[in-house]
Structure formats: structure tokens, C-alpha cells
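Me: I am new to this structure and would like to understand the words used for it. Could you take my questions in turn and set each value against its definition?
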Amino acid sequence: MSDRLDVSFASHSADPEAVTVILAADGVALGPKAKDLDTKSAGGVMKAASAADYKAKFKSTLEILAPAKIGIDRLIVVGLGKAATLTELQIIEAGGILVSAIEARKCTSASVIVDIEGTDDKKTEEVAALLAYGAQLRHYNFKKYLTKKSSDDATPSKDGLRKLILHVAQPDKAKSAYAPLKAVANGVNVARDLVNEPANILGPVELAEKTLALEKLGVEVEILDVKAMEKLKMGSLLCVGYGSERPSRMAVMVWNGAKGNKKQKPICFVGKGVIFDTGGISIKPAAGMEDMKGDMGGAAAVVGLMHALAERKANVNAVGLIGCVENMPSGNAVRPGDIVTSMSGQTIEVINTDAEGRLVLADVLWYAQENFKPRLIIDLATLTGAIMIALGKEFAGMFANDDKLAEELMTASKATGEKIWRMPLDKAFDKAMDSKNADMKNTGGRWAGSATAAAFLQRFIKDTPWVHLDVAGTAMDGAKSDLNQSWGSGWGVRLLDRFVADNYERSEK
Ligand code: BES
Ligand code: MN
Ligand code: ZN
């Protein structure tokens, strides 16, 4: 695990650290506590701001060194822009921005005076919790394999911000508001760790066994080995792993958190867990192939989501399922032209062994429906390069057979800033998957590669409301943001946690 940031809450009367952050709304409007500091330092903050022509626009920062009379080495002002229109997401982002401002100065601990001009005291504790959440997300890094201390700016450093103290009127209140957010941040960071871990360390067995850590949060975990999957006739998933020395696994994580309704049908989350995708016999070109260690980003998000739901004791029944395989070329590997039989009984002609993710998902989706009769299924998969051609690195593609479900996800997407864009399911794409030699083939030709892949998956969906998220662009090497600087982004954990919280944690719908 990467180093976590130690976040705590203290009362305003406690002494702030040598490095202290204050917030300012547009035009350098200070909250009451920050104003006190300014007064104590004989107007030093406002003087510095005006000398620097600083206006406290959103995301802007100002550093004031050794302000007079207040015994603080540095004051960092973080701009919030217009306080009246500040959204929840912007406050979370401000938490990320303040961490980056502190880390740019190589400080290891800092205080934040939490008060916003015009915001009542009650809200301040919530603001502190959101800032802490954003700070925790931004602070993540993956430096476990760096063995040297840095001597200059060019070398990545293992040292960074360690301790952040947020000063509020009622620390206990802020702490309890932060608890569920911390659970989600932990879930995101679990997913990032899994994606960043190289494939020599994290094989299919290791990935599946990572889910066992969820047992201490009350999640029931079952891991199916090759024998168990052969018994279930999961010929589609299994053929992908036959070229690898390392055996395939499926992990099933069950969280029964629904209060007063133990029989509530679960929501299922399915993840593609290709720990490395060489392409198999249809081998990929060498350039950039190292990125295929992240081809388990969908599975990582499912594990991170289950962590978040369990740690914050979500009032819902949810099941996470991940298919863990390695796609390698070898004498045992599946060949183009081979025909395999999936758990559903449908046969598949493998045209391209690099279209392996859908082969894995076909059986996991079927297993999920057979075993859990879920009220809905959402799968996440780094499925196609084509989705990046269509949508770039900021949006995931969403394919949905149910408009209400698509709407719910769209709303959660807007709230969390994890962007999705709806793509079409259509008979024409389905037809492209027909094969002369089997019930279907695994590739659909040159055009609309993401949509034909989705059409393939749909052949394994019964009448369950279902969404497929193609996260090839967002799960790894995505656009860096105020909340993420990591290659493995943990994308989808915040989106789906929010989706569950907003729609499925109240009474049965
Ligand atoms: N894992 C890849 C998709 C991918 C590519 C994810 C780049 C992230 C970055 C997937 O298994 C794949 O190889 N898809 C093929 C499908 C094709 C053979 C029909 C693709 O997109 O080229
Ligand atoms: Mn592939
Ligand atoms: Zn793949």
C-alpha cells in the first residue's frame, strides 16, 4: 500500500502548524478565523495579496513567507472563487489543490484554517470533511519501488506531506462527516494500488486473493479456481488464460449491508481483470505494451468500490465479481479460428485473441445472473482502444439497455466529475458479431469497435437492467486532475459509490 496522509481535525484554538493554509473567496474575502490571523499580523495577509495582485480566483494560490507576529513560517492562501456558487465537487477539488500547494513547498505537515466567508458554522464541519477527502485523493502516490532518497528536484521523492490538521469549531462533527468519505478515498486508493502494481507481482491468483482483505470489513469472499470454472463450463473465460503459466481465477465479493431487508436482490458489479494483455497469438506491437499491466482497471475499480461500500457500511446488498486472467501467447494459447463454448451454452469463434476482455466478461456476466438474480448489473472493462478514439481520456463510454439506469449514472457522473458519455447499443452492431462457424465471433470488423464489443457482451445479458462502462481511456494513464496524479486512476469508484448512495440505499424501489 502507498503511504496514506494522516488527516485529523482540531479546534480553532489549537496552535496551527508552521505551515498554515487559509481559504479565501473571490476578491480575497477571508472567513472570520483567517481575518483574525490577518488582524494579528497587522494586515499582513491583505497587504501581501494586494502587492501580488492576488484575487483568490478558484484554484489560484498565494504564498506569504513569515508573516509578522503570528509565529507561522508560511501562510498559503487557497482561492475558492465565488463562495455563493461553490459546489461540493469544487470544495473537494480545493482539498486537492491545497495539498499540491503544500507539496510544491516540500512541507511535511500543515494546518488548514477552515472557514469560508458567508458560510454558517454548521456547514464548516462539512466543508472540512470534503477538503480532507479531496486532500486524501490528491495525496496518493505510488512510490513503493523507489529505493533512493531524492537529492534534487529531478528525482522522485519518497518524502511528501504526511500530516494535515484541519481546524474547525467542532472537530468531532467534522470527523464523523469525514468517516464515509474516507472510506471512499480508501476504496479509490485500493483500486489505484492494484492498477499501478506490475504484472510480475500481481498475477491472476494474486489479484483474486487481494479481495480476501475485504473479509475484515465484513465482505464474504469466494475464489473460484480453474477446476471450479471448468465444472461450470466457463470455456470463454478459461480459453484466455490457457496461454499463461499462471492460472485464472474468479473472485466473488458479497456485501450484505441492506438493513431490515436481508432478501433484497443485490446490485452486481463485474470487472475485467486481465492482469496483462499481450494480445495472445494475435500479439500486440511492442510500443506501449507495458501499459497493458493496467488491463485489470475494471476489476480494480470493482474491488475498490466493494471496499468503499463495506467500510462505510452501505445500506445495500451488492456483489462484486472479477475475472482474473493473463493473456499470453504460448503452445497452450487459444488460436484465431478456435471455437469455445461459454457458460451460457453459446459458442464463440475466436477471430482475434486480442479481443479477450469480452471473452472473460461473457462468462462472469452469465455467472452473476445465474447465481444472484441481480436487480441490475454494471460492468467496467478496459475493453477497446476504439473508445479512446471516440471519447479520449476524460470520458468513459457508457452502453445501457435501460434509460433509467443510464440517467442515474449520468447524475452521479455530474456530481463526482467522473465523466461518462452514452454510446449506442444497436441491432446493426449485434449483427456484425454473427459468425458462419459458431453462434458468434469475438470481433466485429473495422468500424465502431466499442459498440460491437458492447453488442457482444449484450448477448450474455438476459433481461437484467445492464450498463457496460468502457474504461480503457480513464482507468489508467488518464488526464491528471486536482484529485488524481496517479497513472492508475481508480476511476469509477467514486462514480459508482455515489450512484449506490443516491439511488439504492433508501427503501426498495
Ligand atoms: N485491453 C485492450 C484494450 C485497450 C487498449 C485498453 C489500449 C487500454 C488501452 C483490449 O483487450 C484489446 O486489445 N482490444 C482490441 C480489440 C480488437 C482486437 C477487436 C482493440 O481495441 O484493439
Ligand atoms: Mn486485448
Ligand atoms: Zn485487454
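This is a predicted model: local features need pLDDT of at least 70, side-chain atom pairs count only at pLDDT 80 or more; totals for chains, interfaces and linings use all residues.

Me: What makes the site of the zinc ion (ligand 3) octahedral?
Reply: Donors are N, O and S atoms within 2.8 Å of the metal (3.2 Å for Na, K and Ca), and water is not among the atoms, so sites may look incomplete. Lys272 (NZ), Asp277 (OD), Asp295 (OD) and Glu356 (OE) coordinate the zinc ion (ligand 3) at 2.0 to 2.4 Å. Six donors count as octahedral if opposite donors are over 155 degrees apart and all others between 65 and 115; this site has 6 donor atoms with angles of 78 to 172 degrees, and is octahedral.

Me: Which residue coordinates both the zinc ion (ligand 3) and the manganese ion (ligand 2)?
Reply: Asp277 does, and the two ions are 3.2 Å apart.

Me: How do you know that Asp295 makes a polar contact with ligand 1?
Reply: A polar contact is a pair of N or O atoms within 3.5 Å, and a polar side-chain atom of Asp295 lies 2.9 Å from a nitrogen atom of ligand 1.

Me: How are residues and ligands numbered, and what was counted?
Reply: Residues are numbered from 1 along each chain as its sequence is written, while chains are lettered from A and ligands numbered from 1 in the order in which they are written. Local features need pLDDT of at least 70, side-chain atom pairs count only at pLDDT 80 or more, totals for chains, interfaces and linings use all residues, and side-chain values use heavy atoms, with hydrogens and water left out.

Conventions: A polar contact is a pair of N or O atoms within 3.5 Å; within protein, one must be able to donate a hydrogen and the other to accept it, and residues adjacent in sequence count only if both atoms are side-chain atoms. Four donors count as tetrahedral if all angles lie between 85 and 135 degrees; four count as square planar and six as octahedral if opposite donors are over 155 degrees apart and all others between 65 and 115; anything else is irregular.
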